[in-house]
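The following paragraphs lead the reader through one protein structure.

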Amino acid sequence: MNFVQEKNHVLYLWGGSVSSEIEKEVNELKSIPNVKVNVENVDRLHLAEYGNSQFDVVLANVPTGNAAIVTHLVKLLKPKGKAVFKDDTVTSAESARANLLLAGFINVVASENNVFVAEKPSYEVGSASKLSFANKSKVAAVWKLDAGDDETEERIDDEELLDEEDKTKPTPESLRVCGTTGKRKACKDCSCGLAEELDAEALGKAITDPAPKSSCGSCYLGDAFRCATCPYLGMPAFKPGEKIVLSDMQMQADI
């Protein structure tokens, strides 16, 4: 009864048969000045007769596991209203607390003799409110520079980020990759022509690169005089310092 104050509207809900204890509690409630009391039996209760947010306090001698009743009592209470449950069927305080939280109550506290006190949130069930995720003035202040920042902050010259090689436009041939490997490397059974392109590039590089210096002095005489590791194996004889040029016949396969 400590939760009931003057001018409160109270719903007293009980189940089973009337007992002397129930009559005593109802009479005590009615003795409080300017308190309006509605007494209802849970078995004959018509919750639709009551509007939402009508009661300041609900005193319920009903099981907390009765989800239909408990959920509707949340709607009958005014915001921040109190509900006191006397549940003699509860097996544990944690299960009763879980039932009340799932119904929509907050600040559930277990007391002695299977009494549980719960509170309705400070807002009405189903109400909506616009959320403000940012303060525009604070966001603008984040990007505001102080007067001396331009002189003290070291800035990067964007012209130094790229060199001349980065500015060179790539050719379509250099961007071509193998559809199987995903790289500029021909696969084993290449049929797209990439293998031929890579071979031609390698041959052109070998021709244009500076001639390697011979360690034996016999490389220019021909294969008969060349070492097993000579870089000129398979090439025609040439004069020292002369650029090697392969004829069209030598570029053709024997078969």
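In this predicted model, Glu-159 counts as exposed because its relative accessibility is 55%, and the cut-off for that class is over 50%. Glu-159 is placed in the loop between α5 (149–152) and α6 (164–167). Together with Asp-157, Asp-158 and Glu-160, Glu-159 forms a negative surface patch.

A contrasting setting is found at strand β6, which spans residues 115–119 and is mostly covered, with 5 of its 5 residues buried. Val-115, Val-117 and Glu-119 point one way from β6, while Phe-116 and Ala-118 point the other way. Residues on both of these sides are buried.

Which strands pair with β6? Strand β4 (residues 77–86) pairs with β6 in the antiparallel sense over 5 bridges, and within this pairing Ala-83 has Ala-118 of β6 as its bridge partner. Strand β5 (residues 106–110) also runs antiparallel to β6, to which it is joined by 3 bridges. Here Val-109 stands opposite Val-117 in β6. β5 and β6 form a hairpin with 4 residues between them. In the turn, Asn-113 has a positive phi of about 60 degrees.

The charged residues may be considered next. Side chains of opposite charge can pair when their charged atoms come close.

Lys-82 and Glu-119 form a salt bridge in which the closest N and O atoms are 3.4 Å apart. This pair links distant parts of the chain, since Lys-82 lies in strand β4 and Glu-119 in strand β6, 37 residues apart. Lys-82 is partly exposed, with a relative accessible area of 29%. Glu-119 has a relative accessible area of 14% and is therefore buried, the limit for that class being under 20%.

A salt bridge is also formed by the side chains of Asp-56 and Lys-78, at 3.5 Å from N to O. Asp-56 belongs to strand β3 (residues 55–61) and Lys-78 to strand β4, so the pair ties together parts that are 22 residues apart in sequence. Asp-56 counts as buried because its relative accessibility is 18%, whereas Lys-78, at 31%, counts as partly exposed.

Asp-223 and Arg-226 likewise meet through their side chains in a salt bridge, at 2.6 Å from N to O. In this pair the acidic residue, Asp-223, is partly exposed, with a relative accessible area of 40%. Arg-226, by contrast, is buried, with a relative accessible area of 9%.

Note on methods:
Residues numbered from 1 in each chain as written. Predicted model: local features only at pLDDT ≥ 70, side-chain atom pairs only at ≥ 80, totals over all residues. Heavy atoms only, no water. Buried < 20%, exposed > 50% of the residue type's maximum accessible area, 1.4 Å probe, protein only. Helix = DSSP H or I, 4+ residues; strand = E, 2+ residues; numbered from the N terminus. Pairing = 2+ DSSP bridges. Patch = residues over 30% accessible without salt bridge, like charges linked within 9 Å, V, L, I, M, F, W, Y side chains within 5 Å. Areas by Shrake-Rupley, 256 points an atom, 1.4 Å probe, with all protein chains shown as cover. Salt bridge = Lys/Arg side-chain N within 4 Å of Asp/Glu carboxyl O. Lys, Arg positive; Asp, Glu negative; His and termini not counted. Charge placed at Lys NZ, Arg CZ, Asp CG, Glu CD.
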